[in-house]
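Have the model open and follow along.

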Amino acid sequence: MTRIDDLPIRDELRGKSPYGAPQLDVPVRLNTNENPYPLPEPLVRRIAERVTEAARHLNRYPDRDAVELRTELAAYLTRTAGHPVTTGQVWAANGSNEVIQQLLQTFGGPGRTALGFEPSYSMHALISRGTGTGWISGPRNDDFTIDVAAARAAIAEHRPDVVFVCSPNNPTGSAVGADTVLALYEAAQAARAGSGGALVVVDEAYVEFSHRPSLLPLIEGRPNLVLSRTMSKAFGAAGLRLGYLAADPAVVDAVQLVRLPYHLSAVTQATALAALEHTDTLLSYVEQLKGERDRLVTELRASGCQVVDSDANFVQFGLFDDAHAAWQAILDHGVLVRDNGVPGWLRVTAGTPAENDAFLDAVRAVLKERSLKENKR
Ligand SMILES: Cc1ncc(COP(=O)(O)O)c(C=O)c1O
């Protein structure tokens with residue numbers, strides 16, 4: 001049987017594994033940071049109407065620049081982040097993964113490097129690799145916060161073309177302060193002062209769940225700062241595949257150099273526009289999820305687990321001698337959580353109250369079992 005490595009693939013892809021959170025058929029799935037609430041029926045009907053209208057014109061290519069959608073996304077950002085954003089400052093693509101890919105195709109690529117502070121969202125490294133961009137793993141403190149002095153030193157040493165800051169950070173959960181982002185931005189510009197600076201990408205996929213405000217206002221006057229966002233989490237629309245960025249209009253112009261023509265289908269644009277009409281209802285689910293997230297933190301701590309403070313819709317908990325064995329034991333109780341490979345730690349997504357109860361019961365049961373009694377409290 002032919003294996004991938006028998007094919008004439010690029011050398012840097014040899015021996016690598018694709019991204020793949022397990023999609024197992026278990027009663028409670030809390031492993032991919034999705035929103036557990038299905039879209040409300042009035043929105044489902046509105047999507048059907050909008051898509052029906054779009055279907056009448058599917059013989060034509062979609063609006064290549066997605067102007068109506070970008071205008072509505074700009075209005076959403078202006079309203080929720082308390083800072084005016086124009087259509088020209090917003091760009092949309094098929095999930096924020098595609099936004100990140102377009103940014104790396106434009107600002108990274110062969111001979112260039114990107115740096116992120118790990119553990120963090122693994123796709124930053126994987127998309128870097130996929131675009132031929134060298135990956136540099138930057139440091140974090142033991143409590144998973146970013147050590148600004150060490151981060152500055154790593155930036156000065158490696159002079160990356162792109163720096164990723166994930167806030168709130170996946171999988172650890174905590175948000176990053178504006179002062180830290182500004183320090184990293186300045187360090188990145190200084191390190192590449194002779195070559196026009198470096199792009200700093202703040203991945204705010206989970207920001208709607210945060211205790212801290214969005215870092216959006218920081219893009220003002222900083223053309224090399226980009227914020228990436230998604231409708232997969234707070235909007236409960238992971239299946240839609242809609243991500244977007246906010247930045248200086250020059251960044252939006254720059255990604256046009258690499259985006260595929262008509263990359264965002266008319267059906268996607270119509271569906272996203274319908275979802276944006278129902279923003280208030282969808283954001284009310286976010287409030288419920290924040291309450292459930294806080295309950296998970298409190299109850300996990302009460303059970304003896306260590307828990308990282310969370311600004312997201314998920315919680316990193318431990319500390320297990322063997323996190324993978326703990327993952328399997330929780331799965332044996334019918335609950336799928338995520339082992340991100342952070343030694344000792346697992347991650348659980350906040351689900352519905354019933355799902356969270358099932359998860360907490362499973363953890364309590366597992367903590368009583370022999371195989372996990374070395375759990376260090
Ligand atoms: C930090 C972070 N950024 C981006 C994404 C990708 O989101 P999307 O569904 O918009 O591609 C995820 C998804 O889990 C994520 O955790």
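Which residues are the closest to the ligand, and how many surround it? The ligand is surrounded by 13 residues, and the closest are Ser 96, Tyr 206, Thr 230, Ser 232 and Arg 241; a residue counts here if one of its heavy atoms lies within 4 Å of the molecule.

Before going on, some ground rules. This is a predicted model, in which local features need pLDDT of at least 70 and side-chain atom pairs count only at pLDDT 80 or more, while totals for chains, interfaces and linings use all residues. Residues are numbered from 1 along each chain as its sequence is written, and side-chain values use heavy atoms, with hydrogens and water left out.

Tyr 206 has a polar side-chain atom 2.6 Å from a ligand oxygen. For Asn 170 the corresponding distance is 2.8 Å, and for Lys 233 it is 2.9 Å. The protein covers 94% of the 400 Å² of accessible area that the ligand has on its own, going by the Shrake-Rupley method with a 1.4 Å probe.

By class, the shell around the ligand has four nonpolar, six polar and three charged residues. In this scheme Ala, Val, Leu, Ile, Met, Phe, Trp, Tyr, Cys and Pro are nonpolar, Asp, Glu, Lys and Arg are charged, and the others, Gly among them, are polar. H3 gives the most to this shell, with three residues; helices are DSSP runs of H or I with at least four residues, numbered from the N terminus.

A pocket is an open set of points on a 1 Å grid over the protein atoms alone, with protein on both sides within 12 Å along at least five of seven lines, and lining residues have an atom within 4 Å of a point. The largest pocket has a volume of about 840 Å³, a volume being the space filled by probe spheres set on the points, which are joined across faces, edges and corners. Of its 38 lining residues, the closest to the centre are Tyr 19, Thr 32, Tyr 121, Lys 233 and Arg 338. Helix H3 (95-107) and helix H4 (122-130) each supply at least two lining residues, and H3 gives the most, with three.

Notes:
1 Å grid on protein atoms, 1.4 Å probe; cavity = no way out; pocket = protein on both sides within 12 Å on 5 of 7 lines; lining within 4 Å. Polar contact = N/O pair within 3.5 Å; in protein donor to acceptor, adjacent residues only side chain to side chain.
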